[in-house]
Amino acid sequence: MMKLQTPKQKERAQRDAAIYTEYKRLAKNPENAKGAIDEYLAAKYGLCEASIYKACKRVEARLAAKNKLYYGDDDSRAE
């Protein structure tokens, strides 16, 4: 079932996905401190650091729901 979204919700989902993707890319480098990544992304997107954390959690929840849809309750095959 497709969830209908307003244009603002679509915009936020796209922004969240961009933040999540960039966060994961930057976090791969062990020299980057997580706090510094949060500060950088907060400044880049004009958000507070807590909003960066929340955006990443929203994307992770969407990905988990998508995996559950495809794989059911068996998470061992996911990722």
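Read along its sequence, the protein chain follows the pattern α-α-α, with three helices and zero strands, where helices (H or I, at least four residues) and strands (E, at least two) are DSSP runs numbered from the N terminus. The model is predicted, and local features need pLDDT of at least 70, while side-chain atom pairs count only at pLDDT 80 or more and totals for chains, interfaces and linings use all residues. Residues are numbered from 1 along each chain as its sequence is written, and side-chain values use heavy atoms, with hydrogens and water left out.

The axes of helix α1 and helix α2 come within 10 Å and cross at roughly 145°, the axes being lines fitted to C-alpha atoms over the stretch in contact, with angles running from 0 to 180 degrees between N-to-C directions. Contact here means heavy atoms within 4.5 Å, and the residues that make it are set out below.

| Helix | Residues in the contact |
|---|---|
| α1 (residues 7-27) | R15, A18, I19, E22, Y23, L26 and A27 |
| α2 (residues 34-45) | K34, I37, D38, Y40, L41, K44 and Y45 |

These residues divide into nine nonpolar, no polar and five charged, a grouping in which Ala, Val, Leu, Ile, Met, Phe, Trp, Tyr, Cys and Pro count as nonpolar, Asp, Glu, Lys and Arg as charged, and the others, Gly among them, as polar.

L26 lies in helix α1 and is buried, with a relative accessible area of 17%, buried meaning under 20% relative accessible area with a 1.4 Å probe, protein chains only. Leaving aside neighbours within four places in sequence, L26 is in contact with N32, I37, Y40 and L41. Of the 79 residues of the protein chain, 20% count as buried.

Definitions and conventions:
Buried < 20%, exposed > 50% of the residue type's maximum accessible area, 1.4 Å probe, protein only.
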